Amino acid sequence: MNPSGRGGKKMGVWQVVNPRWEEVGLTEEEYKRIMEILGREPNDLELGMYGLMWSEHCSYKHSKLHLRLFPTEGECVLQGPGENAGVVDIGDGMAVAFRLESHNHPSAIEPYQGAATGIGGIVRDILTMGARPIALLDSLRFGKLDDERTRYLFGGVVSGISGYGNCLGLPTVGGEVYFDDCYRGNPLVNVMCIGLMEKGRIVKGRASGVGNAVMVVGAKTGRDGIHGASLLASREFDEKSEEMRPAVQVGDPFMEKLLVESCLELVETDWVVGVNDLGAAGLTSACSETAGRAGSGMEVDVALVPRREEGMTPYEVMLSESQERMLVIIKKGKEKEVEKTFSKWGLDSAVIGRVTGDGMLTILENGRQVASVPAASLSHQAPVYNRERRRPAYLDQITRLSVEDLPVPREAGEVLRRLLASPNLGSREWIWRQYDYMVRTNTVVYPGADAAVLRVKGTGKGLAVTTDGNSRYCYLDPRTGGAIAVAEAARNVVCTGAKPLAITNCLNFGNPERPEVLWQFREVIEGMSTAARALGTPVTGGNVSFYNETFGTAIYPTPVVGMLGLLKDISRRVTPGFKEVGDVIILLGETREELGGTEYLKVVHGIVGGRPPEMDLNLEVRVQKVCLEAMERGWVKSAHDVSDGGLAVALAECCFWAEPGAAGCEVTLETGIRPDAVLFGESQSRVILTVKEDDLSSLLAMARSMEVAAGVLGRVVDGRLSVGLVTTGGTGKKSTRRVLMDEPTQELYKIWRNALPEKMK
Amino acid sequence: MRFGVIVLPGSNCDVDCYHVVKEVLKEPVDYVWHQEDNLDRYDCIMIPGGFSYGDYLRVGAIAKFSPAVRAVEEFAARGKPVLGICNGFQILLEMGLLPGAMLHNESLEFRCEFVHLRVENNQTPFTKKYRKGQVIRVPIAHGEGNYYADEDTLARLEEGRQVVFRYSDPEGRLSPDSNPNGSVHHIAGICNEAGNILGMMPHPERCAEEILGSTDGRLVFESLRSWWEENGGVAGG
C-alpha cells in the first residue's frame with residue numbers, strides 16, 4: 001500500500017509508483033466512483049475493502065448481466081441465486097442445499113492447500129444455509145500427464161481433497177477429471193457440496209434487527225490469505241504468480257469438523273438471525289453482504305476479533321481469509337448461550353459488534369473509528385459492466401473438418417484399446433479410492449457410475465448427483481457445448497432412475513476483458529439456459545471463475561454443471577453394469593456421423609476440430625422420458641449414457657461394471673455411416689439399456705409411441721466384447737455381418753484400469 | 001442390550017455405528033460425549049472411526065486422554081465387550097489395551113475399498129456367529145492401517161488366537177495382492193487375551209445392510225447380542 005496517495009515519490013530521481021487503485025486491483029473509473037459514494041477520498045482500509053468487494057471474484061461485475069439469462073425459478077426451488085447456496089425441496093419436509101465453487105488459482109500455486117481450502121469453503125457455504133453437509137464431488141482439469149509439474153499438481157490436488165474431505169467425515173462420491181494442454185498452466189479445481197436439512201429450517205445470510213449481536217465463531221484470525229480474492233483470483237497467471245503463494249490459505253479440517261457440528265447445534269436453536277461464511281474477502285465480505293442483504297448497517301470493532309497473531313492492523317483483520325470461521329448474527333441477549341455452544345466444542349466465539357440501522361459498515365479499533373462506508377455499496381453496488389463481445393476468429397478455421405479426408409482405422413479393437421488407455425477415458429478409481437466415499441453410510445451407487453446415488457435415511461428416497469462439462473465442445477461451439485453440459489448431466493442422473501431437479505454451475509473462463517472470452521461466456525450461458533429450460537432444471541446458483549489464463553492464453557471455455565436428481569423410490573435405482581447373460585441390449589436415440597470434437601479424433605487423428613455433436617433438446621427430453629418411464633415400470637436392468645469415446649467405450653464400461661458372469665456383449669450394428677463414427681462418434685441423447693427378453697416388445701412400443709429411436713444392439717454374454725457391422729445401403733439392402741472387434745473383456749479392463757496409475761508411476 | 005458410541009472431537013463414524021445398532025440391530029444406543037466418565041449403564045462400548053482431535057500428532061495419541069476413553073479401561077476390565085473400529089482400533093493400540101502399532105499404508109495413500117477378510121477366530125463375542133475360515137467382504141477406509149508388532153508380540157498373538165481377522169483373497173488365501181496396507185501377518189483385527197476387546201481396521205458398520213452392497217458385517221453386531229444373551233442379558237432391554 002502506498003500511503004502517500006497517487007503519483008510519484010521523490011527519491012533523488014522521480015520514480016514511478018503505482019496509483020492507489022492499482023494497488024488493490026481497481027481501475028481509475030472505479031476509484032472515482034468510490035469517491036462519489038463517500039464524498040471524499042477513501043482511507044487505506046476503506047480502499048482495501050472496496051478493492052476486495054469490487055473484484056470480479058466477489059462482485060461478478062463482468063458476469064452479472066449475462067447470468068440473468070439463467071432460468072432460476074421452478075416448483076422445487078426454495079432458494080435461488082443470491083444466497084450462499086441454492087436450496088430445493090425434495091418432499092417429506094426435507095430440503096437439499098447444494099453449490100459448486102472453484103478454487104482454481106490457489107490450487108495452481110499450492111495444490112494440496114488450494115484444493116483442501118476449496119472444500120472447506122464450499123462446505124461452509126452449505127452449512128450457512130443450516131444444512132448438514134452430506135457429500136462432495138469434484139470436477140478437475142489438468143494439463144497432460146506426461147508433464148512433471150502437471151503430475152505434481154494432479155497428485156497434490158487429489159491428496160488435498162482426500163486429506164481434508166476424509167478428515168471432515170464427508171464422502172466424496174463423484175466428479176470428473178479431464179486432461180488437456182489448455183489447462184497446463186491453469187488447472188481447474190471445482191468442488192461441489194450437497195447438504196440435507198429440514199425444509200422449514202433454512203437460514204439466510206442476513207444481518208437484521210438493530211442491536212442484534214455480530215459474532216465471529218471458529219478459528220482465530222491470522223494473516224493468511226490476504227488479497228486472495230482480489231489479486232489471486234481476479235488476475236491471470238504470469239511470472240509473478242509464484243510470489244502469490246502466501247495469499248493461499250492453510251486448511252485445518254479438524255477445526256472445520258468442529259465448526260460444522262457446533263454450527264448445526266446452533267441452528268437448531270431460535271437464537272440465530274443469520275449466518276455467513278468467512279471465506280473470500282473475510283470479514284469485509286461477510287459483514288457487508290449480511291448487512292447489504294438485510295438493508296441494515298453494522299458496527300464492528302476489530303480489537304474484539306480473536307487473533308492468532310499479535311500486532312495485526314485493522315486492514316489485516318478485515319481482509320484476512322483465515323479458514324474455518326463463520327460470522328453469525330445472534331438475537332440480542334443470547335450471546336452467552338452461543339458462547340456455551342461453541343466452547344463445548346472447544347471453539348472460540350466473540351461478539352465483535354452490533355447490527356445498526358444506519359446502513360453504514362463502520363469499523364472501529366478499540367472504539368476509535370477507522371472506516372465507515374455504506375455497507376450495500378460494498379456488497380451490492382459494485383459496478384456492472386457490459387463489455388464488448390466478439391466471435392473469436394479461430395472458430396472459422398477450426399470448425400472446418402472434412403471427414404472424408406480421415407482414414408478409417410483398420411483395427412477397431414486397437415482403437416478401442418488406445419481410447420481406454422487415454423487418461424480422459426480410463427478408470428478414475430486411482431483417484432476415488434483415495435477418498436472415503438462411504439462414510440455416513442448413505443452412498444448406494446459408488447463413484448464411477450453415471451451419477452452417484454445417496455440414500456436419504458428414513459424416507460426411502462435417493463439423491464442422484466453428478467458433475468459434467470465437455471470443454472472441447474465448448475471451445476468448438478460454446479452455445480452447443482453449454483447445452484450439452486446441462487443435457488448430459490441430466491441424462492447421467494436419469495440413468496440412475498432419478499428425475500433431474502435443479503442445477504448449480506461453475507463457469508471457468510479466461511479474461512473477460514477480452515471480447516472473445518466474453519463472447520464465449522455469453523454463448524455458453526445461452527446454451528445452458530436453453531437446455532435448462534427445456535429440461536425443467538432451474539439454476540439455483542453457482543460461481544464464476546475468470547482470468548484462467550497463463551501468459552495471455554486462455555483455457556477452453558469450461559462450464560461445469562452440477563446436477564441434482566431425486567429418486568422417489570431408491571429400491572428402483574439403476575446402475576450401468578450388465579446384469580445377466582441373455583439380457584437384450586438396446587440403444588435409445590440416434591447415431592449420426594458426428595466425429596467433430598471427439599476424444600477419438602484427438603487420440604487417433606491428433607485433431608481438435610470440427611463441430612461438436614448436434615444437440616436436439618426436444619429429442620433429449622423424449623429420450624430421458626422413455627428411460628424414466630421404462631425404469632418406473634421395472635423393465636430396465638441397466639442403463640448407461642453414451643458420451644466421451646462413443647458407443648464402443650460405453651459398451652466396454654457396461655462390461656467393466658457388470659455383475660460377475662455378465663461381463664461381455666455380442667452386438668451387431670446396422671448402419672449406413674462410417675464404422676468409426678458408429679463406434680466412436682459422440683452423438684448426443686443416446687442411452688444403452690438392457691432388458692429381459694420378456695420386456696423387450698413393451699419397451700420398443702413405448703419408445704415408438706414417444707418417437708424415440710430404439711434399436712436392439714445384441715445380447716449380454718460373458719467374457720468378450722464383440723461388435724459386428726451390417727451396412728445398409730441406400731436401397732435398404734443389407735450386407736453380411738462383418739466383425740469389427742472381438743476382444744476379451746479382462747484384457748480391456750486391465751488397460752482401462754491402469755490408464756491413470758500407468759501415468760502416475 | 002445397551003450400546004454406547006463414544007463421540008470424540010473428530011469422530012466421523014459415530015453416526016454410522018449409532019445407525020447400525022439402532023436401525024439394523026434394533027437395540028438401544030446412546031452417543032457418549034468424550035467428557036463423560038461413567039459407562040456403567042452400557043453393555044457394550046464402541047469407539048468409532050474418524051480423525052479424533054484431527055490425528056495431527058499420531059493417530060489416537062490425544063484421544064486416549066479423554067475421560068470417556070479412559071473409562072473404557074475399567075469398563076473392559078469388568079469383562080464387558082469393547083469394539084474399536086478404524087480410528088477406534090488405533091486408539092486401543094495407543095492405550096495399550098491391544099498390542100502393536102499402526103504405520104502408514106505401504107502405498108502411502110489413503111485407501112477406501114471393499115476387501116476380503118478371513119475369520120480366524122470365531123470364539124469371541126464379536127465373531128461367534130461366523131464360521132471359522134469364513135471369507136467376508138468388508139470395506140476399509142484408512143491412511144494408517146498398516147499393523148505392526150515385533151516378532152515376540154506376533155508369536156503371542158498367534159499362539160493366543162488373538163488374530164481375529166486377516167486380509168485375504170476371495171478364496172481365503174493370503175496372497176500379497178490381498179493385503180491392502182502391508183500389515184504384518186495380514187492382520188486386520190485383533191483381540192486382547194481375554195477376548196472382550198476387539199480392534200479392527202475394516203468397517204463392519206458399513207456393510208450391514210443389503211442396500212450398501214454387503215451384509216457381511218452384520219454378524220459382528222448379531223454375535224455381540226447373542227453373546228450377551230448367553231451371558232445373562234435380555235435382548236431389547
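**Close-up 1. The buried area between chain B and chain A.** In this predicted model, chain B and chain A bury about 2,400 Å² between them, and 60% of that area lies on carbon and sulfur atoms. Counted by contacts, 26 residues of chain B touch 29 residues of chain A.

Close-up 2. Two salt bridges are counted between chain B and chain A. Here is a salt bridge to zoom in on: the side chains of B:Glu209 and A:Arg455 meet at 2.8 Å, N to O.

**Close-up 3. The side of chain B that touches chain A.** Helix H1 (14-25), strand S6 (111-119) and strand S7 (135-142) of chain B each supply at least two residues to this side. S6(B) gives the most, with four residues. Sorted by class, this side of chain B has 14 nonpolar, five polar and seven charged residues.

**Close-up 4. Helices H19 and H20 of chain A.** The axes of H19 (residues 478-494) and H20 (residues 515-535) of chain A come within 6 Å and cross at roughly 35°; the crossing is right-handed. Follow H19(A) to find, among its contact residues, A:Gly482, A:Ala483 and A:Val486, while those of H20(A) include A:Trp519, A:Val524 and A:Met528. The residues of this contact divide into 11 nonpolar, three polar and three charged.

Methods
Residues numbered from 1 in each chain as written. Chains lettered and ligands numbered in written order. Predicted model: local features only at pLDDT ≥ 70, side-chain atom pairs only at ≥ 80, totals over all residues. Heavy atoms only, no water. Axes fitted to C-alpha atoms, helices over the stretch in contact; angles between N-to-C directions. Left-handed = near helix turned anticlockwise from the far one by under 90°. Contact = heavy atoms within 4.5 Å. Nonpolar A, V, L, I, M, F, W, Y, C, P; charged D, E, K, R; others polar. Buried area = accessible area lost by both parts, 1.4 Å probe. Salt bridge = Lys/Arg side-chain N within 4 Å of Asp/Glu carboxyl O.
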